[in-house]
Amino acid sequence: MTCRAAGARPGALALLLAMLWLAVAAPAALLAASRPLPGFKHVAWSMEAGAPSRVNAITQSADGYLWIASVDGLFRFDGVSFERIAASDPRLQRPVVSQVLAARSGEVWAGLARGDGVAVYRNGRLVDAGMPNPSREVNDLAQGPDGDIWVARGGRSTGALARYHQGRWEEIGPSWNLPEGPVWQIRFTRDGSLWVVLSDALVVRRPGARRFEATGEHVTPRAGLAEDAAGRLWISDAVGTRIVRLSAGAPANAAARAYPHPRKVGGIRMLFDRAGRLWGTTWNEGVFVIPRPGEPAGAAGDADPAVSAFDSADGLTSDQTHALFQDREGNLWIGTELGLDMFRPAAMAIEPRIAPNPPSSYRMASASEGVVYVADASALYAAVPGRPLRAVMRLPSAAESLCPATGGGVWLALEDRMLRIRGAAVQRFDKPEPFMAYGCAEDRQGRLWAPALEKGLFWLQDGRWRRWPGLTPTVGLPANAVTGPDGRAAILFRTRPPALADAPFTPLFNGALPIGGIEGIFAGRDALFVAGRDGLARLRGGAAQVLPADTRPWLASINGLVQTPAGDTWTIGDAGIVRVSSDALAHAFDDPGQALPYRLFDFRDGLNSFPQKAPGPQAAVTGDGRVWFLTRRNVVRIDPSQLATNMLPPPVLIRTLTAGAESYADPANVTLRAGSSSLVIGYTALSLSVPNRVRFRYRLDGVDKDWVEAGDRRAAVYSDLGPGEYRFHVVAANNDGVWNPAGATVSFVIPPTFYQTWLFRALCAMAVILAFWAALSIRLRQATARLRDQWETRLGERQRIARELHDTLLQGVQGLIMRFQAVANRLPEEDPARQAMDRALDRAELMLMEGRDRLHDLRRADARDLESVLRELAMDQDFPPDTRLSVVSQGEPRPLEPHVLDEVVRISGEALFNAALHAQADEVKISIIYGVQKLVVSFEDDGVGADARAAQAAGRKGHFGLVGMRERARRLDGSLAFETAPGAGAKITLSLPARIAYAPTPRRPRKAGRGLAKPA
């Protein structure tokens, strides 16, 4: 074992480090030049993704749509889908659009090729603007401070410039002092000057002037113009990119400070972005960017080149780039021959000075002095606060682990040694035997712990190595280490280690915490954090608290965590990089039900790889606040001070309303076809930075009780809608969660069909009632027919009984009378026996006559009228001699159904019997009312009356009283009412429906006509 203190020879070490720096810094600088456009996220839409081809120009209208002029036509883009704009004019159905301009009025002007002139999109329609003498194509469009639309007409030498002024077209002729020749580009600068690029010259019209003046600036065809923040006008052509000498603020040596283009192709379009970078498209060489125009290369102290390039080899859809535009959110758009590209400022930057895709994992540690060290397979790098990363040492072998050293600097584990690096001092400690250090940690006693998996656990103290006892190749398996905020080392074991109650470190192992398999251990500012497959645990004060990942998925499988002095906690895991408030995280551990807001940075923010699954720190922070992360492919960094929140609420628009085969574009108030019940409402929010992070909520008044959280879905589907008036409202939030509460609305009306009107419903109700009435009538007719059949059966039986009685009993009695009469005739008339027999025979004759009458009644009960029957019933009752009986009727008497008459007779007999037995009445009235709707029979007396409840319960043997009477009435679908009171008499009223009570009236025969009359 060897310990070498390299710090004893600082001069030699400094020379060695300088040589190592030269050896690794030069390749890093070359690497930077091969990675253009740092700090931007590139997104592309190819033709396969639906983008138009041969894009010529791009602009953004006041409502937020991105408008694209292409050979395929005019399109508008919401960040998700491309919509071709159709024209009502057949000549403009498939126009070739060469230029597009969003006017301040909200209109969109389109310059067309093939001699089609200029079209304008207003009020949802693309119409011809009526420009006279259209040229072969429109090279450029611009709007002046006064609102005039200027048109550069290509393919001609005269009349190459026109303007739309106060509703009329005007050609710019010789009186304007405009030289003859093609006009390639026109631009208004902030002072109101109009600059015009010709094939070989640049001319300008000053504000208020009527004539153009020469600038003396020689240019090549297709030169591009752009104005910087200082008001200086730049031009780019085959000579290079430079400041125009006559522009405001141009330096005296403007021509000498030109940026030569690498391949002598000038910029077709140029613009300055919000950060002051100059962007330019080329004819066939991709895009170029000048990071700091007007400053020499390396002026900021880094190795960024003066001019960066980005072409198809770097992912651009095509090298043929024509269109260039910056939207109001700061995104840069490039239109190419094969699609559309966007560059937006990336939240994270890929470190260009460290080679990607290392053969072994990256290692990283943050020293106590605020320096972050990163190692790969060949070199050690240091990021000093406020300065770019730089290489400090070439490594003889791949780095195994890095960890902070007590007192500053870091420990670096290599294949055969451990190095302590602090500033320019390097100390070497050879390993006692070959082992790989799966992490390292130095505790507050100065012990350096090195877990070596199956080789065991080593520690270095006072220059001497030791091995922790009791561990075997299958027991324990130490796999990671970290120094906790209390200065005590924590060691992660893959399997449960033997008893370590007195160990000078904190042992951790799988299964000890309910977070699944442990994937990382991290030192926070006041606690130790342990990450697993199923969540994150906090160890503090001997207690463990867990936040499960089932409610916060970003907490699953965290591989790196660092807490910054600014109060943020940064993690990297399978979900990406997450930023959360350290205080909010602490409160969430104390109360897991609390909300835990966070911000996610993933592949949409410039991350281009997943975290590496390796021991040791995977996240670190420098003293200036920059946060560094390790991935499988790159080292990335985020500067929180440069993070900007998109504060623009997204404009929300409703694009379509589709019901069946009908579709309405940009609807506001729509009347749908009657009977429509299902529809789809397409909406969008014009936040173009990260469209798939835009979130929506919508509500259909009268249908949705609350807002529907739609996520990033851009359509609402409804079904089973009834007729009525509806109002749909949708709101949206941009990629940073800034909401537009006003949103957009659309009102629509669904007229009712005939079967949905109140008239139809009333008719249906009537039909139901009629159907019910018909069914009831049928049912009643069936019941009546059944009752009639029963009565006829009963009547037939009565007639049979009458015949039997007549043929047997009456005939027998008649014979007996005759025999007794013969015997009596033999006796003398004065014989008392003869007189007794005569009286008996007279009585027998009366009984025989009465019996014949009863038999006659059995046979002819259906032939009697109701009034006579009731009168006979009344006379047959045992009323006192002085009781007055009366039977009266109203209406035209009608014959009753036989079975009804039978039931009425039985009910009447019971009523009269009760009156004769109990009433003690002076008068009994029987009333019959032959009504049209019902038959009413009532029995009223002026007797003593009775308690109604007692009367209803009363009866006699063989009679059923009121209960039986009511049952008989109900069988006839009728009712029976009983009214009485003590001393007030009594009244019984029987009511029967006419359709039940009355027998059918025979139809009268139709009278014959005069010509058919029979003779008398």
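I began with Val578, which stands opposite Leu600 in strand 52. The model is predicted, and I read every value below with that in mind.

**Entry 1**

Strand 51 covers residues 576-581 and runs antiparallel to strand 52, with four bridges joining them. I then looked for the rest of the sheet. It is open and has four strands in the order 49-50-51-52, paired antiparallel. Strand 49 (558-563) and strand 52 (598-601) are the edge strands, and each pairs on one side only. From one strand to the next, I noted an average twist of 20°. Helix 2, residues 582-590, packs on this sheet. I found that helix 2 touches strand 49, strand 50 (568-573) and strand 51. The direction of helix 2 makes about 85° with that of strand 51.

**Entry 1: a hairpin**

I moved to strand 47 (residues 535-540) and strand 48 (residues 543-548). Six bridges join these antiparallel strands. Arg538 faces Gln545 of strand 48 across the pairing. How many residues lie between strand 47 and strand 48 in the hairpin? I counted two. Gly541 sits in the turn, and its phi is positive, about 60°.

Ile654 stands opposite Tyr683 in strand 59.

**Entry 2: strand 28 and its partners**

I wanted a covered strand and took strand 28, residues 339-345. Six of its seven residues are buried. Strand 2 (residues 40-46) runs antiparallel to strand 28 and is joined to it by seven bridges. Trp45 has Leu340 as its bridge partner in strand 28. Strand 27 (residues 332-336) is also antiparallel to strand 28, with five bridges. There, Leu332 stands opposite Phe343. Strand 27 and strand 28 form a hairpin with two residues between them.

Next I checked the loop between strand 64 (739-750) and helix 3 (758-825), where I found Phe754. Thr753 is in that loop too. Is Thr753 buried or exposed? Thr753 has a relative accessible area of 16%. Buried means under 20%, so Thr753 counts as buried. Leaving out residues up to four places away in sequence, I found Thr753 touching Ala674 and Gly675. Phe754 belongs to a nonpolar surface patch with Leu759, Leu763 and Met766. Together these four have about 420 Å² of accessible area.

**Entry 3: salt bridges**

The count came to 46 salt bridges. I looked at several. Arg210 and Glu170 meet through their side chains at 3.5 Å, N to O. This pair links distant parts of the chain, 40 residues apart. Arg210 is in the loop between strand 17 (201-205) and strand 18 (213-218), and Glu170 is in strand 14 (residues 168-171). Arg210 is partly exposed at 46% relative accessible area. Glu170 is partly exposed as well, at 22%.

I then took Arg467 and Glu433, a salt bridge at 2.4 Å, N to O. Arg467 lies in strand 41 (residues 464-467) and Glu433 in the loop between strand 37 (425-430) and strand 38 (441-442), so the pair ties together parts 34 residues apart in sequence. Arg467 counts as partly exposed at 40% relative accessibility. Glu433 is partly exposed at 26%.

Asp624 and Arg626 form another salt bridge, at 2.9 Å, N to O. Asp624 is partly exposed, at 31%, whereas Arg626 is buried, at 9%. I also noted a network: Arg76, Asp78, Glu83, Arg655, Asp666 and Arg714 are joined by salt bridges that share partners.

**Entry 4: totals**

Last, I wrote down the totals. The protein has nine helices and 69 strands. Of its 1016 residues, 48% count as buried. Among contacts between residues at least 6 apart in sequence, 53% join residues at least 24 apart. The protein exposes about 48,500 Å², and carbon and sulfur atoms supply 54% of that area.

Definitions and conventions. Residues numbered from 1 in each chain as written. Predicted model: local features only at pLDDT ≥ 70, side-chain atom pairs only at ≥ 80, totals over all residues. Heavy atoms only, no water. Pairing = 2+ DSSP bridges. Axes fitted to C-alpha atoms, helices over the stretch in contact; angles between N-to-C directions. Contact = heavy atoms within 4.5 Å. Patch = residues over 30% accessible without salt bridge, like charges linked within 9 Å, V, L, I, M, F, W, Y side chains within 5 Å. Areas by Shrake-Rupley, 256 points an atom, 1.4 Å probe, with all protein chains shown as cover. Buried < 20%, exposed > 50% of the residue type's maximum accessible area, 1.4 Å probe, protein only.
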